[in-house]
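Hi everyone, thanks for coming.

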Amino acid sequence: MTTVNDRPETAWRNPLRDKRDKRMPRIPGPCGVVIFGVTGDLARKKLMPAIYDLANRGLLPASFALVGFARREWADQDFANVVFEAVKEHARTPFRQEVWDRLAEGFRFVQGTFDDEAAFERLSETLDKLDAERGTGGNHAFYLSIPPNAFPQVCEQLCKSGLARPRDDRWSRVVIEKPFGHDLKSARELNAVVNSVFPEESVFRIDHYLGKETVQNILALRFANALYEPIWNNNYIDHVQITMAEDIGLGGRAGYYDGIGAARDVIQNHLLQLLALTALEEPVSFSPHELQAEKIKVLSAVKLAEPLDETTARGQYAAGWQGGEKVVGLLDEQGFAKDSTTETYAAITLEIDTRRWAGVPFYLRTGKRLGRRVTEIALVFKRAPHLPFDATMTEELGQNALVIRVQPDEGITLRFGSKVPGSAMEVRDVNMDFSYGSAFAEDSPEAYERLILDVLLGEPSLFPVNAEVELSWEILDPVLDYWATHGKPEAYESGTWGPASADEMLHRTGREWRRP
């Protein structure tokens, strides 16, 4: 038998496993996933392709099953055809017939509605059969890819049917998609309902941004390098900007978005989680409990900067040009009322009452129909206390910045001053750039791959717990209450970077938004 690097060669190898992914080496034990809302876009575009990609990379157990639950009158084969089409269209990894054949053996479908107790009895019987036939071991994750108002009913049915309370050393887990409530009051009510059926350690609240590689790299950047942590504080950092900008509009999404708005949709979850990871203190370890404890501590110290008429801004996109074509404003989008006050742009100013961050404003913004699609965290540093140059030498020099790019081009950029080549002393900003795509041979897994795998492994580090959700609403609720009684959102032209009031929000303190 020949060897390579002292490892014995085997007769057959999975080529996708040869390219070892050291970030996701663990494989869960026997288990199954039940998807409620399996006919929706999320299931079709993200969940089913992610499950196939995990199987294709050898990260699912041989004893795995996927069960769909919906109102459609489908047979198991009909459901398999739906999964097949979703995988062919949206999977990240190449299609391999042998992987598909093995995975499809565990597909089942249960027809029913959320108020149908008989359907949940059929679901229980189906899972019992899979335990016997596929060896799934009584371990089941219930993915609620459904509207939040249906969560209580489905949880109640899972409780009545006995599926929420596993026997012996088996496990049952529930996966919940955002939004986690509409405000603090509704979030607490939702948490109470879910926790009356599933203990908190079995509840996994999906924030897909936390599954992105660059978001997780915040912790590595901060705590694996001696270079950054000494300057990660108010002695050196002037302010922090956290941006999630999208260039798309809301046509066809009125049913979900109208009445929700940008602040509830993005700031309460995605951006406050990014803030927590950026600002938290070093955890004792990276165990789920220790990491969550540090996130809760920093969110507990967050407060709104006031007065809110100067430290917040909201807007609503109007007609304009996007990507070379004329687009309509929100009020002309299908399904939106002509007098809708739903904001499509939101910006807030936060402060953190800790020794590390006292005096450093955190500016959070999100919007639709902005200049481009980008999500980033920018730490903008204070200017050097003394510049031994003439003003003309540094007139093009800005502030140093460390920019963590979450999407679409995942990576990190460091902006600093450098001399321009030539006989004169002229200093200008330059960028030092790290890109995931060019630095690593491994492809980054899609966020849902990582998160679904963590659910099956029972690894809760990347999932917000009750306290994080409720603290986030405590931070945001006063802004929403203020906006509800102070006029309408300001119009901004599609393709620009938001309303004038958002620029004024920073100009008052001598700062300005980055233009990514």
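Predicted model: local features only at pLDDT ≥ 70, side-chain atom pairs only at ≥ 80, totals over all residues.

**Cysteines, core and rings**

Residues are numbered from 1 along each chain as its sequence is written, and side-chain values use heavy atoms, with hydrogens and water left out.

Cys-159 is partly exposed, at 37% relative accessible area, whereas Cys-31 is buried at 0%. For those words, buried is under 20% relative accessible area, exposed is over 50%, and partly exposed is in between, using a 1.4 Å probe and protein chains only.

Now, the core. The largest nonpolar core has 147 residues, and Ile-35, Phe-36, Leu-123, Leu-350, Phe-362 and Leu-364 have the most contacts inside it. By nonpolar core I mean buried Ala, Val, Leu, Ile, Met, Phe, Trp, Tyr and Cys residues joined through side-chain atoms within 4.5 Å. Helix 10, residues 261-279, gives the most to this core, with eleven residues. Helices here are DSSP runs of H or I, at least four residues, and strands are runs of E, at least two, numbered from the N terminus.

On to the rings: there are 17 aromatic pairs. Rings of Phe, Tyr and Trp (its six-membered ring) pair if their centres lie within 6.5 Å; planes under 30 degrees apart are stacked, over 60 edge-to-face, and the rest tilted. Take Phe-69 and Phe-120, a tilted pair at 5.1 Å centre to centre with 40° between the planes. Phe-69 is in strand 4 (residues 64-70) and Phe-120 in helix 5 (residues 117-133), so this pair ties together parts 51 residues apart in sequence. Phe-69 is buried, at 1% relative accessible area, and Phe-120 counts as buried at 1%.

Then there's Phe-204 with Phe-463, an edge-to-face pair, 5.0 Å centre to centre and 85° between the planes. Phe-204 sits in strand 8 (residues 203-206) and Phe-463 in the loop between helix 14 (447-457) and helix 15 (466-484), so the parts tied together are 259 residues apart in sequence.
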